[in-house]
Amino acid sequence: WLKVNQDCYIDPESKLPIALWGYDISYEEPPEDIFDIPDIPDGVMLIDNRPGAPEIPEPAWMKEGEIAKEQFLRARHALAEGQHHKAVELFTKVVEIDPKLNWSWFWLGKAHYELGEYDEAIYNFSKVIDMRTKNKDVPHYCYLARGLAYKAKGMKDMAQRDLSIALPVMIGALRNIKGAFIFDYADDPLLRDIPKDKRPTAQKSLTTMINRLRTVTDHNFGYHPDATLEEKEQAIAAWEEWYENSGQINFSPDAETVHVPEATEEGDE
């Protein structure tokens, strides 16, 4: 599952997934009454939204869910527009209503990071890592973000530890570019709203990942989006060789970056 950098095991005969995120998956015939509505216990409210069902006022907690969705949308736009104080305020409201929304915690951390509030950023990124770890997931994008926050605080060892977790996946994405999607998603809180045929091209994702690597490592192996395929291959191979033989992280926020193409992926493979 390249977009989230997870292995999914497939049964070669049935073509069905049999293991994902550390969970085994099996298939049996369901009971005949699997979709029957059971007897509703006393004291439990049933909200039936099917056409023709009696209208029943929704409970307050359902209304809070709608409020959280609306605040989440406003918060993402605020973050994308650089309104970091407003983003902090809105994302904080969202996690108060629904503390299970891991992307709200993550982007709340990003807003704090942009404000130079690194302790708060680290707290929020750690919340996401704890939540995803319980689901047997490794949020490499979040280790990258937390590593940068540790680095900004001067906590070099902690930064090295986190960035070392993210780095092999970032290097791997240079060849399997779909593996860069989750990093792009984390960087752009509005990406989820963009139709798939309008999302960044593989070329844009690759160039953006190169820039992330330059910032994290302070290395430059000559990659350029306008280069020939052979020249791009040489640059990617140089990154792989460097990681295999050294992999030493040397954070450099002022590293020279490459211009990122703005095209969308219509017709792009």
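Reader: Hi! How much space lies in the largest pocket?

Author: About 670 Å³. A pocket here is an open set of points on a 1 Å grid over the protein atoms alone, where a 1.4 Å probe fits, with protein on both sides within 12 Å along at least five of seven lines. The volume is the space filled by probe spheres set on the points, which are joined across faces, edges and corners.

Reader: Thanks! What kind of model is this?

Author: This is a predicted model, where local features need pLDDT of at least 70 and side-chain atom pairs count only at pLDDT 80 or more, while totals for chains, interfaces and linings use all residues. Residues are numbered from 1 along each chain as its sequence is written, and side-chain values use heavy atoms, with hydrogens and water left out.

Reader: Back to the pocket: which residues are closest to its centre?

Author: Lys110, Glu114, Leu148, Asp187 and Arg212, out of 26 residues that line the largest pocket. Lining residues have an atom within 4 Å of a point.

Reader: And which helix gives the most to that lining?

Author: Helix α8 does, with 5 residues. Helices are DSSP runs (H or I, at least four residues), numbered from the N terminus. At least two lining residues each come from α1 (60–80), α3 (102–114), α5 (140–152), α7 and α8.

Reader: New topic! How many salt bridges does a search of the whole structure find?

Author: It finds 14. A salt bridge is a side-chain nitrogen of Lys or Arg within 4 Å of a carboxyl oxygen of Asp or Glu.

Reader: Is Asp187 buried or partly exposed?

Author: Partly exposed, at 43% relative accessibility. Buried means under 20% relative accessible area, exposed over 50%, and partly exposed in between (1.4 Å probe, protein chains only). Asp184 is buried at 9%, and Arg212 is buried at 9%.

Reader: Which residues are linked in a network of salt bridges?

Author: Lys110, Asp184, Asp187 and Arg212.
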